[in-house]
There are 2 protein chains.
Amino acid sequence: MARYCFISRVAPEKIEVYRERHAAVWPDMLRALRDAGWSHYSLFLSDDGLLVGHFDAESREAAQEAMSNTEVNRLWQAEMAKLFVGDGSPDEEFVYLPEVFNLEEQLAEAEGR
Amino acid sequence: MARYCFISRVAPEKIEVYRERHAAVWPDMLRALRDAGWSHYSLFLSDDGLLVGHFDAESREAAQEAMSNTEVNRLWQAEMAKLFVGDGSPDEEFVYLPEVFNLEEQLAEAEGR
């Protein structure tokens with residue numbers, strides 16, 4: 001299982017709406033994410049609109065592809081698009097950052113497992 | 001178990017060194033983190049120096065306090081300080097972002113658990 005981190009930017013005047021919407025994501029969207037292979041998924045939002053997402057998946061490409069094939073994701077992203085800086089579907093504009101440290105992987109190596 | 005996310009900024013000219021150092025963290029530092037209650041801990045670094053950290057802990061305050069009491073952390077942070085923008089111990093300057101979405105928590109609620 002790999003760990004992923006992406007960043008994006010919520011429009012400053014939409015931060016409160018973004019928080020409210022994400023405090024109560026549609027149950028169908030939650031189940032679609034789970035079924036598409038997203039796990040340990042959290043979003044964090046700074047006061048200035050920096051959005052950070054973290055999730056685990058067997059493969060980011062497969063997890064994103066599986067979501068992009070769902071109707072609920074299309075509807076959700078269309079609503080979320082109004083809250084982001086930039087055009088297009090928010091989930092297609094996430095910028096992924098490379099992982100440079102993984103505690104559990106290095107511990108396993110250090111202990112010879 | 002709560003999930004935490006912090007950001008910081010690595011000096012642009014030190015990004016390569018930061019990557020190298022974090023590809024081989026001292027085993028004593030790894031074990032100190034584990035013993036201090038840090039888990040599922042990863043760091044992600046963008047090409048422009050934005051550093052994002054993500055970890056789980058029962059309590060961020062307790063996990064940080066437990067690390068700050070170790071000699072290995074003092075030595076590690078003193079070496080890392082040279083790589084960051086800003087003065088002081090890097091781990092004391094992390095900016096934590098509030099969590100606005102947690103897939104597993106909302107799934108548990110949606111399914112009535």
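Two strands are taken as paired if DSSP finds at least two bridges between them. The model shown in these views is predicted.

**View 1. Strand β2 of chain A pairs with strand β5 of chain B.** The two strands, residues 39-45 of chain A and residues 99-102 of chain B, run antiparallel and are joined over 3 bridges. Within this pairing, A:L43 has B:F101 in β5(B) as its bridge partner.

**View 2. Strand β5 of chain A pairs with strand β2 of chain B.** Here too the sense is antiparallel, with 3 bridges joining β5(A) to residues 39-45 of chain B. A:F101 lies opposite B:L43 of β2(B).

**View 3. β2(A) and β3(A) form a hairpin.** β3(A) spans residues 50-57 and pairs with β2(A) in the antiparallel sense over 5 bridges. One of the bridge pairs sets A:F44 against A:V52 in β3(A). The hairpin has 4 residues between the strands, and A:G49 adopts a positive phi near 100°. β2(A) itself is mostly covered, 5 of its 7 residues being buried.

**View 4. The side of chain A that touches chain B.** In this contact, 29 residues of chain A meet 29 residues of chain B. Elements of chain A giving two or more residues to this side include β1 (2-9), α1 (15-22), α2 (27-35) and α5 (103-110). The most comes from β2(A), with 6 residues. By residue class, the side of chain A that touches chain B consists of 18 nonpolar, 7 polar and 4 charged residues.

Note on methods: Residues are numbered from 1 along each chain as its sequence is written. Chains are lettered from A and ligands numbered from 1 in the order in which they are written. This is a predicted model: local features need pLDDT of at least 70, side-chain atom pairs count only at pLDDT 80 or more; totals for chains, interfaces and linings use all residues. A residue is buried if 20 or more other C-beta atoms lie within 10 Å of its own, exposed if 12 or fewer, and partly exposed in between; C-beta atoms are placed from the backbone. Two residues are in contact if their C-beta atoms, placed from the backbone, lie within 7 Å. Ala, Val, Leu, Ile, Met, Phe, Trp, Tyr, Cys and Pro count as nonpolar, Asp, Glu, Lys and Arg as charged, and the others, Gly among them, as polar.
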